[in-house]
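Subject: Structure handover

Hello,

Here is the structure, with notes on what turned up in it. Please open it alongside this email.

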Amino acid sequence: MEHILSLIVFFPLIAGIFGFVINKENVKTFGISVAFVEFLLSIVLWIAYDPTNSGYQFVEYSALIPQFGVGFYLGVDGISLFLVILSTFMTLVSLVALNIKKDIKNLVITILFLEMTLVGVFLSLDMILFYIFWELSLIPMLYIIGAWGSGQRIYAAIKFFLYTFAGSALMLVGILYLGYQYYLATGTWSFAIPDWYLLVLPFNTQLWLFGAFFLAFAVKVPMFPFHTWLPYAHGQAPTVGSILLAAVMLKMGTYAFIRFSLPLFPDASVYFLYPVAIIATIMVIYAAMVAYAQKDIKQVIAYSSISHMGIIILGIFAMNAEGITGSIFLMLSHGIVSGALFMLVGVIYDRRHTKLMSEFGGLATVMPRYAAIFGVLMMAAVGLPLTVGFVGEFLSLLGFYRVSWEITVIAGSGIILGAVYMLTLYRKSFFGKVVKEENKTLKDLDKREFAALIPLVALVVILGVYPKPILTTIDMSVRKTIQTMERKALLPDTKKFLLKVNSIGGTK
Amino acid sequence: MLNPISIKIATLNLATLTPMAILAFGALAIICIDLFTKRLDKSFFVMFTLLFIFLDFTALIGLNGPSRGFFGVMLVDGMSMLAQGIILISSALFIITALSNKPFKEFKKAEYYALFLFMIVGFQFMVATDNLILIFIGLETASLALYTLIALHNRNKAFEAAIKYFTMGALAAGFFAMASLILYALTGSIELGVISKVLVSRGFAPGAFTLAGVVFMLMALGFKLSIVPTHTWTPDVYEGSSAPLAGYMSVVPKIAGLVVAIRFFDIFLSSQIQWVQDILIFLAVLTMTLANITALVQEDVKRMLAFSSIAHAGFVLTAIMVGGTQANSAIFLYWILFMFTNIGAFTMLWIARHKKNLWGSRYQHPFTKFSGMVKVAPMMATLFAIFMFTLAGMPPFSVFWGKLYLISSVINSGHVVLAVIMVINSAIAIYYYMKLIVYMFLKDPITEDGNIYIANSSTPIKTIVGITLFFTVAASIFVQPILSVVTELIKSSGY
């Protein structure tokens, strides 16, 4: 178990390199096997993980550039553990669902490379290492959207790449500046995040650095008004690209908020609380309204992602255990649900080569099993109790209720809007009479699609009914992060605020 | 009656001259051998040249600086050894590319190799001294040899490039002479060390003349470093010369120029003269921004790479402005990493050289030529893409580490705004590097025949690509050893 984390990070890379040699016919089977082994590895990690320990576990360190404080530093805690499992799981599922024939070898290898970068982002404890994986993850996605997409795929791929790359440019300056501050304070260079947690920064510095990091994360999430690349990328991306983009890549931004922004700049985070919360509320409401206006099923789900990410941001900036734990849980549930929904859109797109709602109607009679699964996932997306979507949304909003009940109420109404557009989508496509002639002969789900979707549906229900084992593990590490914030807070206002939101019944 | 001058040979410290002497001997030897037998193959010439470069390298490692020699004119310090190392390694990588699959006239001539060796000697002299006259001699020896090397490629474009480079180079030489003249008039010395002492003791007065000296020097070095506004020759000359030579030109003359620039501007930076810093910042920002924006609209990969190399020079110029051990180490770290990647990238173009122009006649390597390359030559396309991403500073490949250390040194000196401009520039730059990748990976192929992309390939050239690729991809592992050696040497030479 010594090197399990580097194994998890680099196994897909090495397997991907082996993939170059494998026969074209067998490469998909190979990809699924690799992803399955990788998923098992992450499950082994979960089993071996000690839930009573809130610190980093399975830590690995080897110096890369000791003179400059850069090291190969991996570790896992409750915050990252489940995101790693989500990444490996969704990669596996998306490979099972894969039915692209064109250049399949390149695609499978690219997906495996992407998996490495995703897992690497969540496991890095060194800021430079994190930045490496963060940037590297753009390349496979660029290729997936650009080569296997539809319509204006090249434009969409470049827009996605440039947007996120430019967004994280300032973060690099922020990282190096923070490294220098650490050097000034201690006399040694270090980019290790646990080291940085010990560094108390002056308030003004915090503000600037918070801004530099915020831009990078906000583009990735994507937060309003930096969200314009997302619907475009989803619109052109192939199904597998959309699944991985929505299920895992967007979580990189929100994860980074919890890992970096809050504990590194506690005062600035509290200072910027309301602007961020207002942006998040706008995301929730605005994206829901835009989603309602869409004609394309995939665009509806793309905008609903933005809406859900808004609630995740609110949960994070509640800065209490409920909010942050809820937001992490919501990241997982949104990963599962949006991934599954994109897969379902892919299913219907493969049959009809259109994603427009107006082309469908009455699908429930033609494809009953498809309609049933879509129905379950839709309920989860809406956040119905006893589905996975409910737990996270409820906890996030509950957490933010302590900060401001007004914003919580407004954002909560976004959930109602969510129900509106999802139900409309469902009604238009599945109910009523079968109008179009082509729709009468549509085949229901086949075995491959079933195999990919059933685990997702099962998770939606199981985690919706009994989320506790996951929540307690997350909660341990979240509390530790909040303690770090409290310890590092400089301003009395910040301390007061953190005390207020973290004690039951408000300030005593 | 003059008094006889007696000099003990030991005081000359001739050891400092051995590296250059070895190469000069090698160059003469090549010409002599060519006199006796006419039936020599290019493989002989290349290996012979390589042998002397190797001898030169061992002689260089044998030196232990810092020491002076030859009436104090030669200066062997850590920085000059580093620069000579870079020059020799890139020369070795470059000369092997002559062993291409397709025959070229220039590689059959002994003069080509002799000139090449003389050029290296020139650059070595240029970095191994702080005497303005010797710098000038080294610069001109090297440049004249280089003009001829370009012209030997024997195409109309190559002649044009050589003449253009020659004319511009002559102008630069004039500027350099003017700068030396002014500095000599001001201080009565042509040694940078003495000039520095005199100027500092006088508080850099008279200001106008010092300014004139700095500006002339900057223009002269600017031509070699291709700093805006003296960069205009670069794309045309690169386009006209053979691809590996263009790659070589983007590395070796620049490192020689950079060393002179570091030595020269150190005089002004140590005493915190504000306007020198301002000029350097202004030129650095102008160079990287303008080059990056111009590169966006290029239609030819080689021209794009030419502008990219201008932008890289602008990047490094910021470190000269910062000064100090970290910044100067960053320059060399950056340049060592950049050397491997850039030579690799230009070698890829060299491999893809094909007589048949399937893609219009204006350019040799237009972007459209590489459309859909991944379908017909997947390995080549992947390698090329790695080199492009590396040049763009994508982590974790080599140039990223140089960029990281360089930007860090800029931030540490308090120029955060400049650092922001630098990262914004690298965000602009990624677009044009990505353009080639988009053509290679996302567009449909223009040809079924993958051989047009490897027409000029041969085992030695593949080896070169392999070596440069290894240093590009595995950079994370040996940034540390390179950095510690570089820092050690820079520290020992007092920068």
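**What was found**

Of the 508 residues of chain A, 61% count as buried (20 or more other C-beta atoms within 10 Å of the residue's own; exposed is 12 or fewer, partly exposed is in between, and C-beta atoms are placed from the backbone). This is a predicted model, in which local features need pLDDT of at least 70 and side-chain atom pairs count only at pLDDT 80 or more, while totals for chains, interfaces and linings use all residues. Residues are numbered from 1 along each chain as its sequence is written, chains are lettered from A and ligands numbered from 1 in the order in which they are written.

**Chain A overall**

Chain A has 22 helices and 2 strands (DSSP runs numbered from the N terminus: helices are H or I with at least four residues, strands are E with at least two). Its radius of gyration is 22 Å, close to the 23 Å from the globule rule for 508 residues, so chain A is as compact as a globular protein of that length. That radius is taken over C-alpha atoms, and the rule is 2.2 Å times the number of residues to the power 0.38. The C-alpha trace spans about 70 × 55 × 40 Å along its principal axes.

**The strands**

S1(A) and S2(A) run antiparallel, joined by 6 bridges (strands pair if DSSP finds at least two bridges between them). A:Tyr61 has A:Tyr73 in S2(A) as its bridge partner. The hairpin has 4 residues between the strands, and A:Gly69 there takes a positive phi near 75°.

**Contact with chain B**

The contact takes 28 residues from chain A and 27 residues from chain B (residues are in contact if their C-beta atoms, placed from the backbone, lie within 7 Å). On the chain A side, H7(A) gives the most, with 15 residues. By class, that side has 24 nonpolar, 3 polar and 1 charged residues. Here Ala, Val, Leu, Ile, Met, Phe, Trp, Tyr, Cys and Pro count as nonpolar, Asp, Glu, Lys and Arg as charged, and the others, Gly among them, as polar.

**H10 against H14**

H10(A), residues 229–236, packs on H14(A) at an angle of about 145°, with the axes 9 Å apart. Axes are lines fitted to C-alpha atoms, for helices over the stretch in contact, and angles run from 0 to 180 degrees between N-to-C directions. The contact residues include A:Leu230 and A:His234 in H10(A), and A:Ala302 and A:Tyr303 in H14(A). They divide into 5 nonpolar, 3 polar and 1 charged.

**Backbone points to check**

Most residues other than glycine have a negative phi, and most peptide bonds are trans. A cis peptide bond joins A:Val221 and A:Pro222, with omega about -10°. Another cis bond joins A:Phe224 and A:Pro225, with omega about 0°. A:Pro222 is in the loop between H9 and H10 of chain A, and A:Pro225 is found in the loop between H9 and H10 too.

A:Met319 is not a glycine, yet its phi is positive, about 60°. It lies in the loop between H14 and H15 of chain A. A:Met319 counts as buried, with 27 C-beta neighbours inside 10 Å. In chain B, B:Ser226 has a positive phi near 50°. B:Ser226 counts as buried, with 29 C-beta neighbours inside 10 Å.

Best wishes

Definitions and conventions:
Two residues are in contact if their C-beta atoms, placed from the backbone, lie within 7 Å.
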